[in-house]
Amino acid sequence: WLACLCVAQAVVLARGTHCDNHTCVAPSIKEKICSRKSSQSWKSNATDVFIGMQTALTSTDKWNLQSQLLCAIENINADPTILPNKKLHMVYLDGLQTKEELFGIENGICMEHTDIQFAVGPTNSGQAKGSALVGKMYKQNILGTHTSAPILSNKDLYPYFSRVFPSDAFQGVILARLAFKLGYRKMAIVTTSPNTYLDGITDEFRVESARLGIETFLQAVSHTEKDREGLFKVAFEKIKKAGYRTGLLAGYGGTNSLQIIDAAIESGVFQDGWHWLVVESLLQKNVDKLHGAMGILPEIKTDTDAYNKLFACVDSHLNDTTGPFRGLNVTNPRRLWWTFFYDAFYVMAKAIHDAGSEWNDPDIVRTAIRNVAFHGVTGLVRFNKTTGDRLGSVYSIKNVHHGEQKSVGFVDTYVMDLELENDKLIFPGNRTEPPQDFVVICTTPLSLRNYYYTLSVSTCGPDGTRTILFLKANNISERYCPELDPIFVPCDYVQSSNALSILVILALVYSVGLLFVLRVYWNHPIIRRSQPSFLVVTILGASVGLVTLLVITGRPTDTTCAMVPVAFSFAYLLMMGPLFAKSLRIRNIAASKSLVRNNRMKHSLGMTFARLFAVLVVNGLVLVPFLAVDPPKQVWVQQVIHQNGEAHDVPFSRCSVNGNDFTFLLLLFLGVITSFGCYFAYQIRQLNSLFNESKWMFLSIYNCTLWSSVTIALSITSELSATHQYYSQACTVLFTTVSTLSLILLPKFVYVYKDRAPKSSTTFNQAVIYDNNTGLNTTQSPFSQAKPRCIKCQNCDRCNNCECRAVSKLPSVISNAKTTESQLPNMNSVVPISTDLPAT
């Protein structure tokens with residue numbers, strides 16, 4: 001700072017002021033301007049008091065200001081109670097620097113150079129910081145006017161600075177409370193920064209907003225940027241995308257004010273549905289563009305003695321051609337903004353008077369300034385004795401109506417009470433109610449809806465649906481999101497009383513009925529030759545699958561989830577395993593020539609059961625690590641449901657595994673077993689009439705394989721609802737169980753019912769045939785292309801119960817009708833060799 005002071009002092013002494021030619025001031029004060037041309041000292045003495053006036057003489061409103069300043073000097077000098085036996089003089093301090101802080105530093109150095117001990121002004125906070133800093137070094141008492149930055153209350157930095165203008169700590173706090181009173185809980189802020197004046201307001205606004213629960217969204221544009229208007233437009237676009245519809249505009253000066261306002265208008269944020277609060281510097285200018293905007297200005301009552309006294313003086317000198325007021329070009333004699341300068345001169349004069357004989361002591365004068373209390377033009381003027389800030393100012397709440405400021409309330413800063421006349425408010429679009437401060441797209445995309453709403457999911461109803469209620473999840477949704485109608489989604493599980501449960505129960509009754517009939521005719525030759533033990537296993541597997549369909553209904557649990565692969569895999573193998581085993585058995589017998597040649601057609605049932613048991617054991621060995629390492633468990637998943645043109649993320653309960661390794665291994669095992677079964681069934685599908693059961697077995701295996709494959713494919717590739725997935729599985733189980741049991745058992749029961757042997761035996765029975773020419777017995781392979789015929793049974797009590805002897809080629813004596821019946825071998829001596837009964 002010392003280096004800056006040295007540079008600034010060199011500039012002042014070398015270059016002078018903005019108004020060296022004195023064309024911008026009244027002639028009466030042109031010789032009282034602090035500059036390098038000033039050769040005299042303006043040190044106050046017993047008869048003359050010199051007070052510096054810090055302001056730019058090139059101000060566009062300079063004439064109106066000077067008229068009020070001259071009236072302050074005239075009225076004070078005319079009042080014998082303020083400075084008796086003394087005359088007050090004003091010396092203009094107009095620094096050359098354009099940067100605010102340096103402007104104030106120049107003025108402070110000029111005061112030191114010309115022995116000025118007291119000063120009023122300057123007009124903005126940046127200038128005041130520089131001036132007050134020099135005042136700290138030289139103990140110069142500075143009385144600020146429009147200097148409102150909260151940082152100037154720091155007495156460690158600026159101990160000799162006081163002000164008649166309220167701190168922006170009041171303005172920022174009041175604007176935040178005004179936003180709160182209007183019902184706003186989200187406010188955007190568009191400002192220029194760094195700037196001492198605007199930073200003070202926005203900082204206090206943000207602090208108070210946070211205390212009140214208002215969320216702020218700051219967009220600051222640097223004052224050093226060349227394209228500030230373009231950057232303001234970018235800031236407004238960000239605000240629009242963020243959803244904010246209310247905010248605070250903070251700008252200063254003519255150019256900056258126009259830039260921020262024009263950018264706002266071009267961005268469409270001053271139209272219906274928007275509302276802005278503005279700082280006082282914006283509210284004083286360009287009101288024709290701020291329709292609906294609101295802000296605050298210090299309240300100046302026009303019916304007080306001080307007001308009447310000031311403007312009586314101004315009015316009386318408007319047309320002066322001689323004296324101090326000559327040469328003034330007053331355009332707005334009622335310009336209230338400069339009345340703070342008028343009151344500041346009164347405060348300084350009263351303080352010097354109150355200091356008495358010690359008026360030359362800067363510390364005594366500082367205390368005297370902060371003890372002054374009087375009713376000025378700007379209201380009751382009094383100070384905080386520690387900070388020197390003005391207390392008790394009254395602010396008027398302004399609302400711009402078509403280019404005109406309207407008072408719609410007031411705030412007493414002494415008690416901080418805010419009174420607002422709501423019936424007088426006008427908002428953009430000529431609305432009479434405040435707009436919504438924030439626009440939230442609560443439903444799309446899906447992630448936003450999940451953030452703003454929580455789902456309340458009912459239990460499944462009798463119609464198989466659940467009701468989803470959307471409950472607002474947070475303060476934002478409570479305030480900004482609409483109420484959503486409930487939606488109805490499918491249940492995530494199948495209820496016990498579903499549409500297929502009756503069919504499943506009927507299928508169970510059907511399988512039990514088949515088992516009962518099987519037990520009744522257990523010893524019948526047709527049943528005995530069909531390996532009834534295998535038939536029982538088949539019925540058991542079908543029953544397990546059907547029972548599982550009933551058990552897995554209801555909300556999934558870890559137990560029911562684990563039951564699905566276990567129960568269905570064993571049910572499948574128990575039902576289809578006997579068919580696979582019998583197909584393999586028939587294929588082995590039919591293909592074994594050694595068995596044929598040696599008349600040993602017996603193929604052990606124990607071996608066949610052992611193979612079936614081995615398959616079941618392997619299935620269990622696959623399931624054990626499956627259930628131990630990665631068992632299916634009940635989990636909640638989010639599933640997107642589309643209703644009424646909207647997507648909804650709804651929780652669904654599912655059975656799930658962490659990985660698919662064991663699932664793939666189980667399906668691979670079952671697929672391999674099924675492939676072998678299909679291969680064996682295909683091989684025996686066209687055996688001769690002794691093996692017509694093979695056709696039914698082939699059809700059963702084909703149906704089961706086809707439907708199971710389709711169901712597995714649908715489960716993996718399709719996003720079916722729980723109900724549809726269950727129905728697809730249930731239909732597959734119902735069809736395969738009922739069709740398999742029907743194809744395998746019903747033909748046998750029909751033959752039993754007719755009480756006669758079928759034309760096609762269910763087993764391979766090989767007869768020993770004697771060749772008529774050689775006398776040797778021969779055996780015809782079942783794969784022979786000759787069509788076998790049956791020899792009529794003889795010597796039987798009931799012919800229908802006799803074994804049918806199949807021959808591939810009748811002896812020539814029979815075919816030539818030369819052989820008599822006595823020449824045929826004794827039928828009773830022909831021993832049938834059955835695949836399921838021991839040869840006797």
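The structure is a predicted model, in which local features need pLDDT of at least 70 and side-chain atom pairs count only at pLDDT 80 or more, while totals for chains, interfaces and linings use all residues. Residues are numbered from 1 along each chain as its sequence is written, and side-chain values use heavy atoms, with hydrogens and water left out.

**Disulfides**

A disulfide is taken here as a pair of cysteine sulfur atoms within 2.5 Å. By this rule the model has three disulfides, listed below.

| Disulfide | S to S distance |
|---|---|
| Cys 71 and Cys 313 | 2.2 Å |
| Cys 460 and Cys 491 | 2.2 Å |
| Cys 561 and Cys 655 | 1.9 Å |

The secondary-structure elements named below are DSSP runs numbered from the N terminus: helices (H or I) of at least four residues and strands (E) of at least two. Exposure is given as relative accessible area, with buried meaning under 20%, exposed over 50% and partly exposed in between (1.4 Å probe, protein chains only).

For the disulfide of Cys 71 and Cys 313, the torsion about the S-S bond is about -95°, so this link is left-handed. Cys 71 belongs to helix H2 (residues 62-78) and Cys 313 to helix H10 (residues 305-316), so the bond ties together parts 242 residues apart in sequence. Both Cys 71 and Cys 313 are buried.

Cys 460 is buried at 11% relative accessibility, and Cys 491 is buried at 1%.

The link of Cys 561 and Cys 655 is left-handed, with -75° about its S-S bond. It connects helix H18 (residues 558-591), which holds Cys 561, with strand S22 (residues 646-656), which holds Cys 655, across 94 residues. Cys 561 is buried at 1% relative accessibility, whereas Cys 655 is partly exposed at 41%.

A further cysteine, Cys 731, is partly exposed, with a relative accessible area of 36%.

**Helix H4**

Helix H4 (residues 125-138) has 14 residues and spans 20 Å from its first C-alpha to its last. This is close to the expected 20 Å at 1.5 Å a residue, where the expected span is 1.5 Å times one less than the number of residues. Eleven of the 14 residues of H4 are buried, among them Ser 125, Lys 129, Leu 133 and Gly 135. At the start of H4, a side-chain oxygen of Asn 124 comes within 3.1 Å of the backbone nitrogen of Gly 126. Just after H4, Lys 139 adopts a positive phi of about 55°.

**Nonpolar cores**

A nonpolar core is a set of buried Ala, Val, Leu, Ile, Met, Phe, Trp, Tyr and Cys residues joined through side-chain atoms within 4.5 Å. The largest such core has 125 residues, and those with the most contacts inside it are Phe 236, Trp 276, Met 294 and Phe 345. Helix H11 (residues 339-355) supplies the largest share of this core, twelve residues. Leaving aside residues up to four places away in sequence, Phe 236 has contacts (heavy atoms within 4.5 Å) with Val 190, Leu 249, Ile 260, Ala 263, Ala 264, Ser 267, Val 269 and Trp 276. Another core, of 34 residues, lies apart from the largest one and includes Ile 526, Met 576, Leu 612 and Phe 626.

Technical notes: Polar contact = N/O pair within 3.5 Å; in protein donor to acceptor, adjacent residues only side chain to side chain.
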